[in-house]
Amino acid sequence: MSLVPQVLRSLKNLPPFPMVAQRALLLLNKPEVSIQELVEVVKFDPAVTANILRISNSAYFGLRREIHSLHQALLLLGTQELLKIIIASGATRLFSAPTPGYFTERQGLWRHSVSCALMVDLLSREISLPDQATGFTAGLMHDIGKVVLSLFVEQKFHEIMEVVEKEGVPFQAAEKIILGVDHAEMGGEMARMWDFPDRLRLAITYHHLDKPEAYTDDLTLLVYLGDILTMMFGQDLGADGLAYTGYPEVLRHFHLREKNLQKILLQFGSAWDEAQVFFGLMGNQDGVQCANRG
Ligand SMILES: [Fe+2]
Ligand SMILES: [Fe+2]
């Protein structure tokens, strides 16, 4: 029996997307963002401002001088880096609910999401794409549907894995067969409810490249690749692990060869260490009730 009606009912309890991150998302669409606009976004959120200072002074940026004010952070790091920090620290609380359907560790989804964001960032640099905050954000949010779907996946996990093994289909295809909806579609629906920019919503919806629409925007392909590489490099694999199809044509599309991947793997090792400050953000949050437990 399809669980779709139950899953959709759980969306009624979806918490709002945090205001500060929502306002920062709107700035992703603008070709030029002024420092004043960024100050306006964060100035009423002391927790996010504190996080900006903490992350700005962390090994992640490796700045020689200490940053004491929001204005100084904006000047030294630039708008794209600041947008990443604002969105990551604003969105953290959505990831604070456990997702046992996918990860045994409480912060598993957050760690996987930050890893994917870092990977998309490295890939964007390697292929010289501008606009890195959009890629980082799409990497961060790609699996947000798991927050809602986790409880249902947990109930039906053995059936889903049986379909993966017997029919040789990717994990999200098995979710669709057993639950009637998969976590990528669920994430797309959440992004629609939160009024995410279209490109971001579509990258979330199609990040497993299971529909032709996925191939219309490089952002989606990049998120797909970032996700696959994150899983290949073994960081917080999750229950769905490597049960996904590989698409070498995406590597070819971006003219990425083995030597590029080796370089990215090396860079990822240090980015992972330096990004511990992002993983630590979770400890600062009170957390919100997970929608599907409400
Ligand atoms: Fe996914
Ligand atoms: Fe993922």
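Which residues in H8 meet which residues in H13? In this predicted model, Thr 134, Gly 135, Ala 138 and Gly 139 of H8 meet Leu 219, Leu 222, Val 223 and Gly 226 of H13. By class, this contact divides into 4 nonpolar, 4 polar and no charged residues. An α-helix has 3.6 residues a turn, so residues three or four places apart point the same way.

Two packed helices are described by the angle between their axes and the distance between the axes. For H8 and H13, the angle is about 55° and the axes are 9 Å apart. H8 is therefore oblique to H13. The crossing of H8 with H13 is right-handed.

Helix H13 covers residues 218-232. At 1.5 Å a residue, its 15 residues should span 21 Å. The end C-alpha atoms are 21 Å apart, which agrees. Of the 15 residues of H13, 13 are buried, so the helix is largely enclosed by the rest of the structure.

H8 (residues 132-141) also packs against helix H6 (residues 79-91). The axes of these two helices come within 8 Å and cross at roughly 20°. Because angles under 35 degrees count as roughly parallel, H6 is roughly parallel to H8. H6 passes H8 in a right-handed crossing. On the H6 side, the contact is made by Gln 80, Leu 83, Lys 84, Ile 87, Ala 88 and Ala 91. H8 contributes Gln 132, Ala 133, Phe 136, Thr 137, Leu 140 and Met 141. The contact of H6 with H8 has 8 nonpolar, 3 polar and 1 charged residues.

Two loop residues were examined for backbone geometry. Most residues other than glycine have a negative phi. Ser 128 is not a glycine, yet its phi is positive, at about 55°. Ser 128 lies in the loop between helix H7 (108-126) and H8. With 6 other C-beta atoms within 10 Å, Ser 128 is exposed. Leu 209 has a positive phi of about 55° and is not a glycine either. Its place is in the loop between helix H12 (198-205) and H13. Leu 209 is buried, with 23 other C-beta atoms within 10 Å.

Helix H9 (residues 145-167) contains Met 161. This residue has 16 C-beta neighbours inside 10 Å and so counts as partly exposed. Met 161 and Val 148 are 13 residues apart along the chain. Their C-alpha atoms are separated by 19 Å.

Terms used
Residues numbered from 1 in each chain as written. Chains lettered and ligands numbered in written order. Predicted model: local features only at pLDDT ≥ 70, side-chain atom pairs only at ≥ 80, totals over all residues. Helix = DSSP H or I, 4+ residues; strand = E, 2+ residues; numbered from the N terminus. Buried ≥ 20, exposed ≤ 12 C-beta atoms within 10 Å, placed from the backbone. Expected span 1.5 Å × (residues − 1). Axes fitted to C-alpha atoms, helices over the stretch in contact; angles between N-to-C directions. Parallel < 35°, antiparallel > 145°, perpendicular 65-115°, else oblique. Left-handed = near helix turned anticlockwise from the far one by under 90°. Contact = placed C-beta atoms within 7 Å. Nonpolar A, V, L, I, M, F, W, Y, C, P; charged D, E, K, R; others polar.
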